[in-house]
Amino acid sequence: MRSLYPTTLSSSSFHPKVTNSPQNPNHKPFTSHHETERGFQFQTGNTFFRHESATGRDLGVLAAALYKKSNNSLRVLDAMCGCGIRSLRYLAEAKADFVLANDANEECNGVIVSNLLSVSSEDERRWKVSHAVANRVLAERYVERDLFDFVDVDSFGSDSSFFRLAFDTVRLGGLLYVTSTDGFSSGGHRPNHSLAAYGAYIQPLPYSNEIGLRMLIGGAMREASILGYYISPLFSYYSYHGPVFRVLLCLNRGKPPHGIHYRFIGYCESCGHSQAICWDKLGQIRCPCGSDVPDSLLVSGPLWTGPLHCASYLAEMRALAGEWGWLGDGVKNDLDQLLCRMIDESDPNLPFGYIKLDEIASRAKVNSPRLVTIMSAIQEEGYTISRSHIANNAIKTNCPMSECVRIAKVIQNA
């Protein structure tokens, strides 16, 4: 592993060769591609970069800034930093005291260094760059007991091999920002792959993109519990490009205070009913509709079946975004709308999953009702309901599918 040390705030150090220059003399010339995000101009060179991931970066920066505000210090490990835009923003916007920007590709060195120098000089001793696979840099920081408050692992596919090392590198009470881009597994198309990566056998369900988030949290929770930790999801974000599943987890020692939300999810194709299934009920699974259609009940899991977000935390994020002028700023991906929907989704009365209006209409054999109309009708019946941040044409509600179908028929006079 090659490391670059313009600065350090830690008494520990990497063992590989260190250079005092902020420029790696062995790096290959990079192609200059200039981008701008939240007012910061940076270069991407030949690195993999997505404009569409800006919202996920916004959420990470807000969370890191809240941590700094609450704890008066912030050390960030960006384990797969790419061009370094996240590290740049953690330094400039979250006011991180120190950022370790790591990427396995040494050819990214010039781009990363150039971008970080644009917001923090070498003399400020607030960052350093290293080049190693994520697991190695996490392992070395753990061995040196060089812990971080915020660890961001923006991985590709269904790589979950870093979970245990990441948990050991995060300070207790600290934050771990994890990623999956495996839409095939969350969609139930590779059940053996999801079983190997996250310990969950996934079958095709109509709310597969929420399953992707619950699969990611559940896999992380399993690995954390092995080490004697428990995790709490502060927010869970899905974006269709990729697709991308990102979850912010808070790490603590011991057992979760409100029990373990780690169960199986059953979905009946005959009636559309979903249910959570405890481990001791696995041999007694059946749908309340009593369907005798063979294989109509699909069971996936084990998965995280608890809340995807913490409403109070999201409210703090939204307040900070407002202070920074990020709400209603005309940006294509409206952050205000996203945070408001996530807050609505956090209602404890809402179960897992979401219902697409097309499914309700299909089962009712009517044209799909307007979203606001059916939401109002369901609420008038005394049920809790919200929009889903995952799918625009979907609702989250504790209203049973059979009742949703009946209400849709009433609305359409069927």
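Tutor: Start with a pair. H1 and H2 cross in the right-handed sense, meaning that the near helix is turned clockwise from the far one by less than a right angle. Helices here are DSSP runs of H or I with at least four residues, strands are E runs of at least two, and both are numbered from the N terminus. Note that this is a predicted model: local features need pLDDT of at least 70, side-chain atom pairs count only at pLDDT 80 or more, and totals for chains, interfaces and linings use all residues. Residues are numbered from 1 along each chain as its sequence is written, and side-chain values use heavy atoms, without hydrogens and water.

Student: How is such a pair described?

Tutor: Two packed helices are described by the angle between their axes and the distance between the axes. The axes of H1 and H2 come within 10 Å and cross at roughly 35 degrees. Axes are lines fitted to C-alpha atoms over the stretch in contact, and angles run from 0 to 180 degrees between N-to-C directions.

Student: Which residues of H1 and H2 make the contact?

Tutor: H1 gives Ala54, Arg57, Asp58, Gly60, Val61 and Ala64, and H2 gives Ile85, Arg86, Arg89 and Tyr90. Contact means heavy atoms within 4.5 Å.

Student: Is Leu88 buried or exposed?

Tutor: Leu88 lies in H2. Leu88 counts as buried because its relative accessibility is 0%; buried means under 20% relative accessible area, exposed over 50%, partly exposed in between (1.4 Å probe, protein chains only). Beyond neighbours within four places in sequence, Leu88 touches residues including Phe40, Phe42 and Leu116.
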